[in-house]
Amino acid sequence: MATRTLEVTLISAHGLKNVNRFSKMEIYAQTWLSSDPCHPNRTFTDRDGGRNPTWNRSFRFSVPSGPDPGRAALHVTLRAHRAASFDRIAGEVRIPLRDLFVGVDDGPGPVNVASFQVRRPGFVKPKGVLLLSYRLGAVIAATPAPAPAPASRESSCDPGSWPSARRKIRRPVAAAAA
């Protein structure tokens, strides 16, 4: 199947709801395609922006080039980093790829800037705005796929086994030198 490159730049977010009660919010973003949830990309943590973080971080994705990409979507989750506890979700955005493909032919598309409403899980009202830019590259002809690697237990990706937002995410601790 022919593919094309989708380059997304997460510029900033504005007016996010404060999910930290006692400290300033330090927000980072994770983004992935619904067709490939095993490989999320992450921005750096904006320690100074608070409710209005700025990243200007670009990511590239390989997306199907057909006229209708189906139900595929770009997911962006904004999380508040917390040192003493688990990271809280400050908001989520789901962008159907068909919305990004509107008016684009097989050649490379122009850079488009768009804003999307940020919603917290379980809430209907928007809790901020995410500003991003995107560009679709030219269609790349299909190449034969390499032989699949044998499946191993460590390499399998099951999104259901990911830690939930309510559980503490364990981070490696440097061992003390003796």
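Residues are numbered from 1 along each chain as its sequence is written. Because the model is predicted, local features need pLDDT of at least 70 and side-chain atom pairs count only at pLDDT 80 or more, totals for chains, interfaces and linings use all residues, and side-chain values use heavy atoms, with hydrogens and water left out.

**Exercise 1.** Find where Asp87 sits and which partners its side chain has.

Step 1: look in the loop between β5 (73-80) and β6 (88-96); strands are DSSP runs of E, at least two residues, numbered from the N terminus.
Step 2: check burial. Asp87 has a relative accessible area of 1%, and buried means under 20% (1.4 Å probe, protein chains only).
Step 3: list the partners. The Asp87 side chain makes a polar contact with the side chain of Tyr28 at 2.8 Å and reaches the backbone nitrogen of Arg82 at 3.1 Å. A polar contact is a pair of N or O atoms within 3.5 Å, one able to donate a hydrogen and the other to accept it; residues adjacent in sequence count only if both atoms are side-chain atoms.

**Exercise 2.** Work out which backbone nitrogens the side chain of Asp46 meets.

Step 1: go to the loop between β3 (36-42) and β4 (54-64), where Asp46 is found.
Step 2: the side chain reaches the backbone nitrogen of Asp48 at 3.1 Å.
Step 3: a polar atom of that side chain also lies 2.8 Å from the backbone nitrogen of Thr54.

**Exercise 3.** Locate Ile11 and its distance to Leu131.

Step 1: Ile11 belongs to strand β1 (residues 3-14).
Step 2: its C-alpha atom is 5.6 Å from that of Leu131, 120 residues apart along the chain.

Notes: Helices (H or I, at least four residues) and strands (E, at least two) are DSSP runs, numbered from the N terminus. Buried means under 20% relative accessible area, exposed over 50%, partly exposed in between (1.4 Å probe, protein chains only).
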